[in-house]
Amino acid sequence: MIGWLRLAALALFLAAVPARAETLLVTMSERTVDITSNFTGSSITVFGAVRRDASTVPRASDYDVVVTVTGPRADRVTRLKDRVAGIWINRHAEAFEDVPTAYTVLSNRPIEDIAHPALLTRFQIGIDYLLASSDEPNTAGADGDTGEAETLDDMDTSERPADHVFERAFLRLQRESGQYQEDPEGGAVIDNTLFRARATFPADVPLGNFEVRVFLFSGGALLAEEQVGIVVRKTGFEQFVFRLSQTDPFIYGALVILLAAFTGWLGGVVFRRS
Amino acid sequence: MQIYLPIAELAVNVFLILGMGGAVGFVSGLFGVGGGFLLTPLLIFSGIPPSVAVATVTSQVVASSTSGVLSYWRKGGVDFKLAGVLLCGGIIGSSLGVWLFSILRSLGQLDLIISVSYMVLLGAIGSMMLIESARAVWRGARGGSVSLRQPGRHGWIHGLPFRVGFKKSRLYISVIPVVLLGLAIGFIGAILGIGGGFIMVPALIYLLRVPGNVVIGTSLLQILVTMAVATMLHAFTTGSVDVILGLILMVGGVLGAQFGASAGQKLKGEQLRLLLALLILAVGVRFLVDLAIEPTDLFSVAGLGG
């Protein structure tokens, strides 16, 4: 009786998942990035395996793995300077709401070779596809835009520049500052079953919850996706100082002033004798 | 050696910051000014966010002026009553300054205001001091005596109402210009992260005709309290006072100031003022150049709050 039920349950289960695709096993060298006084940046290795079973269909091409690490989201403003009365001031601005403060893409080869830009846009894989909204498939950047600087030089400064100018500038500045990183060799697939990728965090990494997403592709199709969270946080003294400055600004301010007065007094005393 | 700053949220080289604090401390000991007008731009040029630089330098000024006030106090060179009246204006001024600071930060024009204000302020003060000290040096070279205090001459300031006696400074003047002077310096100080000693000292000498032996001590006391208040206000409104950055700057500043002070004793007063004038002008010109030359990158990214 029980045996029959088991069989029925198995049949139902198999019916619900007709063609069993690959699954991903993901783990990481660390689940937290701890910031202490000697923090100058850090890295985390993401690794795992592609799990197949008897019912997994054979693939014509090898697996590709893309790992994205997305920092906490926040609002950002991109400003453009313009010459007004002989001096350069911030004249135009565009807000980018709810964008990742940090973003890293690691893959075993260039992501444009792995999947079609439309797919990359849909899953927000790749710096160039991060801000494009999914309802209007934006392939800008994919077909090799080379004229960023040129458009700016030709731009009529009396008119407000087009939106994508700000978007490109935003992405470029984020890349230059190291907050957005793209490494088409940062990930590796070993023996078509194991993978690893190493994500680095700069010294001025934003704090908060990061999301690590692992995508498995083959022949341009997305086969599996797995997601793990990590936390970047201050620890020990740094955390204490930051928390105090936020929750008790009066005590924090008073301590800073006392420290300053003490340092000044001490300096006077030490050097008066000598 | 890199150290992580908990409020600025980035890592800096300790020795670089210590060196900056020391160099500015040397200048401040040499000329008897706070040096904030040099330290804040240096920090901004080295990548510290302007809001953190301005707020943190206010705490460093507290440290450097404390040693100064204590040593002048022992020599009887502090007029507490005059400093108190200046402070009444100073505290109102810093409150207004910190309030405007947070508004400008949200408008995205904080960097511009800081740069333009520095340029105008340093340019004006530097030129005035340069002319005055060059004349004094020239007169000194001809063998004439130089007197800053001219008791017989009374300007329009001395005709205002609400006159109060300041015994230590041997003055009987209206409180209006004193309060206004304190207010203006507190306001400028909070926005620019400077103590304002380089404005206060000439103003006390030339406008109020305070005798030379109490000028620096009184100015330092007023700066000490105004900057302590500004530190507190920054801690409350912007939360950008970085205690680690502040401590490194304080240590460097206090050390540098000792060497500066002994070097200063080897130079004549008017020569010191001439050098200081040139230094102030140089920083002002640096800001002018930055504003006038096309930046290498016209774009910038910031958080919505600054």
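Q: Axes are lines fitted to C-alpha atoms, for helices over the stretch in contact, with angles from 0 to 180 degrees between N-to-C directions. At what angle do the axes of helix α4 and helix α6 of chain B cross?

A: Two packed helices are described by the angle and the distance between their axes. This is a predicted model, where local features need pLDDT of at least 70 and side-chain atom pairs pLDDT 80 or more, while totals for chains, interfaces and linings use all residues. Residues are numbered from 1 along each chain, chains are lettered from A and ligands numbered from 1 as written, and side-chain values use heavy atoms, without hydrogens or water. Here α4(B) (residues 80–107) and α6(B) (residues 175–192) cross at roughly 35 degrees, their axes coming within 6 Å. Helices are DSSP runs (H or I, at least four residues), and strands are E runs of at least two, numbered from the N terminus.

Q: Is the crossing of α4(B) and α6(B) left-handed or right-handed?

A: Right-handed, meaning that the near helix is turned clockwise from the far one by less than a right angle.

Q: How many salt bridges are there over all chains?

A: Side chains of opposite charge can pair when their charged atoms come close. Nine are counted (Lys or Arg side-chain nitrogen within 4 Å of an Asp or Glu carboxyl oxygen) over all chains. Arg233(A) and Asp34(A) form a salt bridge, with closest N and O atoms 2.9 Å apart. Arg233(A) sits in strand β12 and Asp34(A) in strand β2, so the pair ties together parts 199 residues apart in sequence.
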